[in-house]
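Thanks, everyone. Please bring up the model.

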Amino acid sequence: MKFYKPKNLTELFQISEKIAGKKYFLAGGTDINVQIKKKMITDEPIIYINHLEELQGIRETDESIIIGSLCSYQELLNSPLIAKYLPFFRASLVNFASPLLQTMATIGGNIANGSPTADVTPLLLVLDAQIILMAKSKMRHIPLRDFFTGYKQFNLKKNEIIGGVQITKNAETGYKTFYKKVGSRKALTIAKVALAGLKNSEEYKLAVGSLNEYPRRLSKIEEYLASTNTPESVKLEELLKQEITPISDMRSDKDYRFQVCLNLLLEFIQI
Amino acid sequence: MKLEFILNDKAVSLEVDPMKRLLDILREDFGLTGTKESCGEGECGACTVLLDGKPVTSCLVNAVHAENKQVVTSEGIAQKPLGKLLIACFDETNAVQCGFCFPGFLVSSYYYLKNDGEPNLEKIKTALSGNICRCTGYQKIFDSVMMACHRKQEQEK
């Protein structure tokens, strides 16, 4: 496979432009190396990006926290900015993957891999995160919820890359928070079902992973919960059937996934 | 690419494919066969090494990731005072069964002992959660690391 190591972002875009077909950007390598082993990647070109300073670090502006796409989970867990402004987000990251993978795995990689079961995405969705997309001479911010368009399909223009994620500092302030990931064991597990939720007296924010072709918000249930003080479980079940499309696979079956999701939803309502 | 890095406290360099796995470089190019391959997908921790002082699964690390970094393997840790302390505790507790997972457990345990070292079972379990022992000898492994934490504290008094 052809390998490139650009010196900086400018060079990255020059290289990327010249490659017409499929290509992979290598960050921490925790997904790509598994895909190489499983022969899902054979001879597509690889562009190494993990050393690019422009995509690293965690910064603050007056209103937001900006997380570079190459930021590893360990950096997120050790960041005083994340601990100060986004304690719920931080606490939810603790059980992602394992300490060994947290060293290498990056937030941008977790999103870019596009797995329906990506751990970080439901959390970012309820925090109303924006994704920063960078191209050679342009940069744009879009809500993460508009980024996914299908299974491993993204709202991404040609030669655009994920530059980072932006979350407002008050994204979780004043909300009751909920995050649960259900898997076969605590560490190193791929979620069968994951539910993230925020609520206050006026609004509800809910997102699920592993239950659709990409992680997404449960808008109909959010609206229903905001409209009533006495949610009925029959109605929730009916809405949930419209919002999620669980599948049966090696990790679980669809009836189990549906029931667990409903149980988590009822648990969330009680908090 | 020409890869230069620090391996067990010694500067080394070699000509290598930038995508070659660190695991294979250690085993094939340097003969450091303490680092084991089991799952090859980052799930089991048998290939754990320290990269710039932090534990990683070397089956998911490429040559290019190791450039100008410090790599410490189980062989390197076995030469360090805290490594020797851990090995003595594993030995006394009879924690090692088939032994295949053990270099990885040694690396993760060393990282915990060096950087935290509190004799706290929950923390030890979390620190070792990326390593799997299919002989399922976890209790004795936790006991050994706990023992090492206590001994380290005594030594520091």
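The largest cavity is lined by B:A95, B:Q97, B:C98, B:G99, B:C101, B:F102, B:C133 and B:C135. A cavity here is a set of points, on a 1 Å grid over the protein atoms alone, where a 1.4 Å probe fits but cannot get out, and lining residues have an atom within 4 Å of a point. This lining divides into 6 nonpolar, 2 polar and no charged residues, with Ala, Cys and Phe counted as nonpolar and Gly as polar. The volume is about 40 Å³, taken as the space filled by probe spheres set on the points. The structure holds 1 cavity of 30 Å³ or more.

On sources: this is a predicted model, where local features need pLDDT of at least 70, side-chain atom pairs count only at pLDDT 80 or more, and totals for chains, interfaces and linings use all residues. Residues are numbered from 1 along each chain as its sequence is written, chains are lettered from A in the order in which they are written, and side-chain values use heavy atoms, without hydrogens and water.

Now strand β13 of chain A, residues 204–209; strands are DSSP runs of E, at least two residues. Because 6 of its 6 residues are buried, β13(A) is largely enclosed by the rest of the structure. Buried means under 20% relative accessible area with a 1.4 Å probe, protein chains only. A:Y204, A:L206 and A:V208 point one way, A:K205, A:A207 and A:G209 the other.

β13(A) pairs in the antiparallel sense with β12(A) over 6 bridges and with β14(A) over 2; pairing takes at least two DSSP bridges. A:A207 stands opposite A:A196 and also opposite A:R217 in β14(A).

Terms used
Buried < 20%, exposed > 50% of the residue type's maximum accessible area, 1.4 Å probe, protein only. Helix = DSSP H or I, 4+ residues; strand = E, 2+ residues; numbered from the N terminus. 1 Å grid on protein atoms, 1.4 Å probe; cavity = no way out; pocket = protein on both sides within 12 Å on 5 of 7 lines; lining within 4 Å.
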